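Subject: Structure for you to look at

Dear colleague,

Here is the structure I promised to pass on to you. Please open it alongside this message, as my notes on what I found in it follow directly below.

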Amino acid sequence: MNETFFIPSSVSSPEINFHQNAKVMYDVIWELAIGGIDSSIQGNGGEECMNYLPSWQRFLESIVFIPLSFWAAYMSIPLDCSFTLPTRNVSRYVILTVYSLIFGAELAYKMISRTGIFLLNPCHVTTTMQLMLLTMEGTSKKACFLFRLMLYFMPGAWFALAFPILNTRNLPGEVFIYYAQHVAILVVPVYLMYIQGAFEPEKPYDFGWTVFGISLFSLYHFVILQFGAMVTRVNLNNIMCPAVSDPFQSRAYRIIAVGHQCILIPILSKTYSAMSLAAVDFYKTVYEMNSAPSSRKMCSMSDDDDSTICLKPAKLKL
């Protein structure tokens, strides 16, 4: 009687290799995202932070603020995205390069410390928006939309500078990059306004963008950050428990935060836009007009026929 023996192959099937590689990649990404987060640090995450608010309170706040934010965003549409001034032909490479180096250093710190999940925080999202804007054409409606939306994510940099959270930054130079990035967030929009075109804030009396921006900011916290925090057990932008520097530490801290953000974000954004436009106009009026060589002439009297000879200096292109 003939018997057939099957010898198992030592070579894995392509499907098994794919699943193994996918699991390895997932483990690497997960380790870089949350592997270095120390839950013992106050406000960083962990079970104590996750249990700061009871589940019923988080659920109740979510079912109130999420539909309300969706409704407010819907009611603010259509949004006016018109602009009047032409785009200035100026180079953005220096600003873009320096800003990219700052954000690149922050990315490196997050990878080294294995805390990449914190890149979801709004200030990093604002930095990404601004880097995108520095590469976009000043005549694009998409640039106008992104710029005006960014103006209502940007005030977070003011709060980050006023109430810095530095107890998790232990690497050399990490605190410097923290301040450099948040200062850059406040400086870059002024430069974009100088370029003009699509980088023009809405009119001061236009509160459609205000409602839309605050609504998306709220949805980003209560949908994306809250879900990410519940999955990873990490306190993303203090959505699960208050920061160590939060002056309103209590069980109502999220309700208080929604209230003061709805008041402060419009005030900061509108004031910042008005002051930035005034600074840009002052620069164009005082510096550019006084330094324009084409407006100056050097004149002298001729000794022969008493005629006036004027020389207009040429522009040098370096």
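Predicted model: local features only at pLDDT ≥ 70, side-chain atom pairs only at ≥ 80, totals over all residues.

Apart from its neighbours within four places in sequence, Lys270 is in contact with Tyr152, Glu202, Lys203, Pro204, Asp206, Phe207 and Thr210.

In total the structure holds 9 salt bridges. One of them joins the side chains of Glu31 and Arg114, at 2.3 Å from N to O; because Glu31 lies in helix α1 (residues 14-34) and Arg114 in the loop between α4 and α5, this pair ties together parts that are 83 residues apart in sequence. Glu31 is partly exposed, at a relative accessible area of 35%, and Arg114 is likewise partly exposed, at 33%.

Another salt bridge is formed by the side chains of Glu106 and Arg169, at 2.9 Å from N to O, and since Glu106 lies in helix α4 while Arg169 lies in the loop between α7 and α8, the pair ties together parts that are 63 residues apart in sequence. Here Glu106 is buried, with a relative accessible area of 0%, and Arg169 counts as buried at 12%. Lys110 joins Glu106 and Arg169 in a network of salt bridges.

Turning to the aromatic residues, the structure holds 12 aromatic pairs. In one of them, the ring centres of Phe65 and Phe222 are 5.2 Å apart and the planes stand at 40°, so the pair is tilted. Phe65 lies in helix α3 and Phe222 in helix α9, so the pair ties together parts that are 157 residues apart in sequence; both Phe65 and Phe222 are buried. Elsewhere, Phe145, Trp209 and Phe212 form one aromatic cluster.

Helix α3, residues 55-75, also contains Ile63, which is partly exposed at a relative accessible area of 44%. Together with Trp56, Phe59, Leu60 and Val64, Ile63 makes a nonpolar surface patch of about 540 Å².

Definitions and conventions:
Residues numbered from 1 in each chain as written. Heavy atoms only, no water. Contact = heavy atoms within 4.5 Å. Patch = residues over 30% accessible without salt bridge, like charges linked within 9 Å, V, L, I, M, F, W, Y side chains within 5 Å. Areas by Shrake-Rupley, 256 points an atom, 1.4 Å probe, with all protein chains shown as cover. Salt bridge = Lys/Arg side-chain N within 4 Å of Asp/Glu carboxyl O. Helix = DSSP H or I, 4+ residues; strand = E, 2+ residues; numbered from the N terminus. Buried < 20%, exposed > 50% of the residue type's maximum accessible area, 1.4 Å probe, protein only. Phe/Tyr/Trp six-rings, centres within 6.5 Å; stacked < 30°, edge-to-face > 60°.
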